[in-house]
Amino acid sequence: MPFIAIALALAVALGGGASLAANSSLPGDALYPVKLNVNENVDEALSFSAESKAQAHMDDIESRIDEAQKLSAQGKLDANAQAQINANIDEHAKALNDEVADLQTKGDYATAAKIAAEFQASVAEHSSAFAQAQANADTSATAEARANAAQVVGKVQATLNAATNLSASASANAQAHGEANSSTNSSTNASSDTNGSASSSAGASGNANVDVNAGTGVNVQI
């Protein structure tokens, strides 16, 4: 693909030092576009299995949440950074949803359920950490800074809700097709057991809810 070739060429042209430095950049930093448009795109392009592609998208969502937390702690989470972070979370969440849907279309319900469960667990963990950080944040932060942080918390909560629904649906599909396989042909018991195990692990993830309050900012419920 031309875009992948361009991204790889840019990575080579920038050199390892600049590319590595970009990994720790935040929205508003000079190297942040390199992090988004080169480093992360190269990582995704070099992910060949469904699970590795999904993991790359999960890693990027985690990075956006961590970036929001760091900027908020520094009092630098402005409207532009907040909008960029939220839009990027949406982009990667959609890619993950499409990956799960594609696996189900291909009949690989167990892998779809595994990915969906990992997606839910990943967002739950990072949303909880971010929300707790906001709850403990310095109350001297400006109203604008608190509002921007609340926007990201809300986006992460919406993403968690979507991931929870996706995991439940994928787990149910894996379980249903696993039962269908075992009842149709006894010789496929091993395959059915594999699907069943994936379904069980997919359903094992807990739920997390993050509520945004107008006053203090955030309450966390796990």
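Start with the whole chain in view: among contacts (heavy atoms within 4.5 Å) with a separation of 6 or more, 71% join residues 24 or more positions apart. You are looking at a predicted model, where local features need pLDDT of at least 70, side-chain atom pairs count only at pLDDT 80 or more, and totals for chains, interfaces and linings use all residues. Residues are numbered from 1 along each chain as its sequence is written, and side-chain values use heavy atoms, leaving out hydrogens and water.

Now colour by secondary structure.

Next, select residues 79-105, helix H4. Its 27 residues should span 39 Å at 1.5 Å a residue, and the end C-alpha atoms are 39 Å apart, so the two agree; the expected span is 1.5 Å times one less than the number of residues. Step back to Asp78, which caps the N-terminal end of H4 with a side-chain oxygen 3.3 Å from the backbone nitrogen of Asn80. After H4, click Gly107, where phi is positive, near 85 degrees.

Finally, show H3 (residues 50-73) with H5 (residues 109-135): they pack at about 5 degrees, their axes 10 Å apart. That makes H3 roughly parallel to H5, a label for angles under 35 degrees. The axes are lines fitted to C-alpha atoms over the stretch in contact, with angles from 0 to 180 degrees between N-to-C directions.

Technical notes. Helix = DSSP H or I, 4+ residues; strand = E, 2+ residues; numbered from the N terminus. Polar contact = N/O pair within 3.5 Å; in protein donor to acceptor, adjacent residues only side chain to side chain. Parallel < 35°, antiparallel > 145°, perpendicular 65-115°, else oblique.
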